[in-house]
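Please open the model in your viewer and keep the selection panel at hand. The tour below goes from stop to stop, saying what to select and what is there.

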Amino acid sequence: MFSENGELVDEMFRRWRENSQSVDATWQAFFAGMQFAGKLPDQPGSVSATSSATPPADLRLQTGVVRLVNWYRQAGHLQAQTDPLSLAHPPRSPLLAIESYDLSPADLDKTIDASMYFGLEGNVTLRELIESLEETYCRTIGVEYMHIDSLEVRKWLAKRMEPVRNRHPMPLRQKYRILMTLHQAELFERFLHTKYVGQKRFSLEGGETLIPILDGLIERGPSLGVKEFVIGMAHRGRLNVLANTLNKPFSEIFNEFEDNYLPMSTHDGDGDVKYHLGFSADIETSDGQSVHLSVTPNPSHLEIVNPVVEGRVRAKQRLHDDNERKTGVPLLIHGDAAFAGQGVIMETFNLMTLSGYRTGGTVHVVINNQIGFTTNPRDSRSTQYCTDIAKFVQCPIFHVNAEDAEACVAVAQLALEFRQQFKRDVVIDMVCYRKWGHNEGDNPGYTQPLQSKVIEKKEPLSRVYATQLAEGSAGDGVAAHVSEAIGEAFEEKLAEAIQVADTAADEYKQRMQQAYDETKALVKSGQSRKRGMEGFGGRWKDFTNEYTHTPVPTGVAEKVLDRIADAIGSFPAGFTPHPNLQKILEARRDNIKGRKHVDWGTAEALAFGSLVLEGTAVRLSGQDSRRGTFTQRHAVVVDFNTAADHYPLSNLDPKQAPFDVFDSSLSEAAVLGFEFGYSMDDPHSLVMWEAQFGDFVNGAQVIIDQFLTSCESKWTRSNGLVMLLPHAYEGQGPEHSSARLERFLQMCAEDNIQVVYPTTPAQYFHMLRRQVRRTFRKPLVVMTPKSLLRFTDKKPLEHQAASPVSDLTSGSFREVLDDLEANPNTVTRVLLCSGKVYYDLAARRDELKSQTVAVVRLEQFYPWPGEQLAAVLSRYPKCREWVWVQEESQNMGGWSFVEPRLRAMRFPFEYVGRDASASPSTGSHHVHEREQKLLVDGAFAVNPSGPIGPGYIGWVEPTTNGTNGEHTPAKPKTNA
């Protein structure tokens with residue numbers, strides 16, 4: 001509207017002003033409803049709404065004024081002085097030239113109606129209006145908000161910026177506080193630079209204004225209802241934030257610098273570098289209120305922490321019954337290059353208003369170094385600003401010069417007020433610079449010599465601000481009511497405040513020195529200090545990180561199962577389910593109550609339902625998870641006539657725990673990260689993420705590598721997230737066969753995760769329930785089935801994934817399933833397998849009527865159930881052939897993981913399965929069927945076949961000539 005269509009709008013506006021009937025009804029309604037434009041000049045012939053003493057402005061002039069105000073709001077940021085490294089003002093933008101709106105210098109002293117600008121009332125000169133616009137939109141704050149569709153939002157922002165010209169009044173004590181926090185930020189960096197020369201710390205120097213920004217948010221938070229901030233932090237400034245915002249003891253930070261960590265074992269984990277660690281603390285504001293702050297630990301792939309923070313906040317909001325989403329606020333701190341370059345930024349923004357993931361808006365602070373590691377902005381993004389990605393969810397964006405500390409703090413508090421008001425994200429782009437390179441060992445002069453020369457001449461930000469305060473002592477730049485309150489005593493008070501600040505700075509330096517000396521003494525004496533975080537406090541109290549194979553009873557009484565069955569198979573009055581779905585759900589109910597067999601989806605519903613009845617909340621999200629990718633779940637039933645939703649498991653009992661299931665956005669990284677974060681703060685709930693197909697988890701590999709499998713070792717943070725990954729070779733091609741079981745197994749160590757491949761609904765039922773019935777939490781990776789999900793009349797019941805109801809009423813999850821049909825005294829070959837291939841092997845054995853082959857299932861790969869497996873395999877004393885069978889290629893699946901462990905147990909297993917391959921599976925269904933038949937037949941051959949595939953015995957049958965088995969000879973070539 002205000003850019004490429006500007007000329008059209010201007011022309012329509014001109015016509016409407018001259019004669020409202022000259023434009024169509026759409027344009028009439030549009031201009032008549034332009035609340036944001038304020039009062040407009042009356043149409044010719046009408047009585048002016050302005051003062052009778054002043055003649056109304058002419059149409060040309062007033063129309064140009066309205067357009068000019070809109071364009072300052074739209075493009076004033078292009079002329080804002082937001083770059084502290086710039087030696088000159090930005091060039092004048094033609095978008096703000098008065099000539100573009102049919103105005104001229106001759107009009108500057110003419111009287112106009114400025115009521116469309118919220119900072120002026122009635123009649124002023126055009127010159128006065130432009131001066132006000134320049135101060136508001138072109139000083140050290142550049143605002144982008146006209147891309148937002150909502151007139152309410154635009155008006156709200158304009159009303160808070162324009163009356164004060166974006167110079168937000170501050171009491172004197174707040175100015176002192178800003179000066180103090182700048183001093184502390186600088187002193188901390190200077191101290192580290194002196195004491196730990198050459199060590200990486202990702203200095204905040206040049207961007208110290210971040211600390212006053214955070215302080216401003218914390219100080220303003222309680223009055224807006226905020227009780228907690230969860231922070232996702234960049235590398236740069238992390239140590240400074242921990243020390244000066246969260247008050248992490250200096251001794252702990254210096255201990256991490258000294259690397260004074262001498263563990264006797266790996267019981268406490270491997271730890272992480274100091275600038276990855278998290279911390280939490282209760283902070284008291286200047287008026288005595290308390291705010292809880294927590295910095296989430298995160299890896300060097302920094303922005304990947306964003307959805308984790310969002311998930312943590314969502315969990316906290318539920319646990320605190322914060323339905324308005326006001327008490328818990330996500331606060332994400334970014335680098336400029338990462339903000340523009342990382343796809344997870346967009347994925348996380350997209351969660352902003354989604355029902356299953358919204359947190360009431362996030363405050364984003366970009367530490368805009370104006371450079372990546374060594375990469376210039378022109379090489380790292382295709383947009384003018386690093387923050388342009390935020391426009392797609394219509395966030396307001398405040399670009400602010402880091403050398404104007406008051407403006408930075410004012411913008412931060414305005415941003416928080418906006419977040420609380422509209423429950424939407426907001427971005428603060430703090431434009432600053434790096435005094436040093438990417439880290440303290442770099443020389444930025446190699447790649448950005450001109451920028452480095454400018455930075456070398458820069459004064460510390462605290463000195464810049466102190467100068468601004470002194471220059472404003474007479475009242476310039478200080479809000480009128482503040483100036484009146486301070487009066488002539490301002491200079492004296494300022495001098496006194498600076499003296500107090502100097503005294504406090506000396507005390508601050510003394511505290512740092514004392515902590516440093518104590519840490520050095522510990523190092524010298526060889527004493528060990530634990531590094532990392534306390535992992536088992538608060539909601540994690542009474543949990544442990546010690547894994548045990550001891551089974552826990554997870555059976556459920558029949559009357560409870562019947563209660564859930566009734567909810568599954570019945571519907572509210574007047575509700576009409578899809579006719580086919582009604583039959584499915586009623587059949588599930590009847591199978592439960594008739595004590596028959598249940599399928600996978602039914603067992604899952606019974607697990608979920610029993611948990612919420614016992615007070616354990618259940619949360620499941622993923623792509624199409626409400627119905628289930630394979631039409632197996634139906635956690636939500638949709639009315640066939642009205643499309644109304646009905647959640648059977650949410651209506652079991654008024655006192656039940658929540659049951660939440662969400663169809664996610666088509667994202668893996670952000671949604672998995674969100675659920676990981678949720679599980680981090682809610683260990684008492686069953687939290688699950690489901691991939692549409694198992695291989696889709698590839699898109700979230702960073703979350704898996706850097707959080708899921710390693711966070712306990714690095715950060716002493718346990719997590720109970722469940723990942724449901726559909727996996728099985730069924731001829732659906734390389735992208736819909738493998739959940740990459742081998743990748744998870746490769747990352748298994750120190751009992752960090754659980755990797756399970758259950759084969760029966762009962763096993764799945766007990767597995768889900770045991771996840772929240774044990775005294776520890778470990779991420780659970782589940783290979784879930786596809787073709788085995790439902791019964792079919794085409795195969796015998798024993799060849800399908802079906803379980804009698806009696807298997808759900810008692811017992812527990814079994815990590816190894818023995819072959820109950822085999823006679824141990826006649827078995828000479830044991831086939832050990834996992835997953836769907838079991839049913840193919842069992843069917844083939846029944847077809848052959850073999851009495852010498854047992855088929856044993858490994859249901860849990862890790863933690864390795866060595867004792868349980870040894871007990872089962874030892875039941876076959878006459879066995880001479882031990883064979884591992886898998887569907888996956890030889891270099892994939894479980895073989896590489898189980899083979900050394902089986903040999904260590906003194907069972908000499910051989911391999912039968914597909915040969916090694918670069919792709920997970922063939923794209924040809926015909927080839928798949930042939931491979932599957934050969935590997936199953938190979939498992940029962942006189943001599944197990946080993947790998948199968950092109951080039952291996954059995955793949956191509958030779959062509960014969962007659963009965964002697966010889967190949968048909970080639971015909972000799974003849975000349976015509």
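**First stop: aromatic rings**

Select Trp156, Phe418 and Phe422, which together form one aromatic cluster; rings of Phe, Tyr and Trp (for Trp, its six-membered ring) pair if their centres lie within 6.5 Å, and planes under 30 degrees apart count as stacked, over 60 as edge-to-face and the rest as tilted. Before going on, note that this is a predicted model, in which local features need pLDDT of at least 70 and side-chain atom pairs count only at pLDDT 80 or more, whereas totals for chains, interfaces and linings use all residues. Residues are numbered from 1 along each chain as its sequence is written, and side-chain values use heavy atoms, with hydrogens and water left out.

A search of the whole structure finds 23 aromatic pairs. Select Phe571 and Phe575 next: their ring centres are 6.2 Å apart and their planes stand at 15°, so this pair is stacked.

**Second stop: the open sheet**

Now display the open sheet of eight strands, whose order is S3-S9-S10-S8-S7-S4-S6-S5, with mixed pairing; helices (H or I, at least four residues) and strands (E, at least two) are DSSP runs numbered from the N terminus, and two strands pair if DSSP finds at least two bridges between them. Strand S3 (141–144) and strand S5 (279–284) stand at the edges with a single partner strand each, so one side of each has no neighbour in the sheet. Select residues 328–335 and 363–368 to see strands S7 and S8, which pair in the parallel sense over five bridges; here His334 has Val366 in S8 as its bridge partner. Helix H10 (residues 305–319) packs on the sheet, where it touches strand S4 (228–232), strand S6 (290–295) and S7, and its direction makes about 170° with that of S7. Contact means heavy atoms within 4.5 Å, and axes are lines fitted to C-alpha atoms, for helices over the stretch in contact, with angles from 0 to 180 degrees between N-to-C directions.

Which residues have the most contacts inside the largest nonpolar core? They are Leu126, Leu129, Tyr145, Leu210, Leu217, Phe229 and Val363, in a core of 86 residues (a set of buried Ala, Val, Leu, Ile, Met, Phe, Trp, Tyr and Cys residues joined through side-chain atoms within 4.5 Å). Helix H14 (residues 405–422) gives the largest share of this core, nine residues. Select Leu217 and, leaving aside its neighbours within four places in sequence, look for its contacts with Phe229, Leu331, Val363, Ala412 and Leu416.

**Last stop: salt bridges**

The structure holds 46 salt bridges, each a side-chain nitrogen of Lys or Arg within 4 Å of a carboxyl oxygen of Asp or Glu. Select Arg177 and Glu219, whose side chains meet in one of them (3.1 Å, N to O). Arg177 lies in helix H6 (residues 172–195) and Glu219 in helix H7 (residues 210–220), so the pair ties together parts 42 residues apart in sequence. Finish with Glu228, Arg312, Lys316 and Asp681, which are linked in a network of salt bridges.

Definitions and conventions. Buried means under 20% relative accessible area, exposed over 50%, partly exposed in between (1.4 Å probe, protein chains only).
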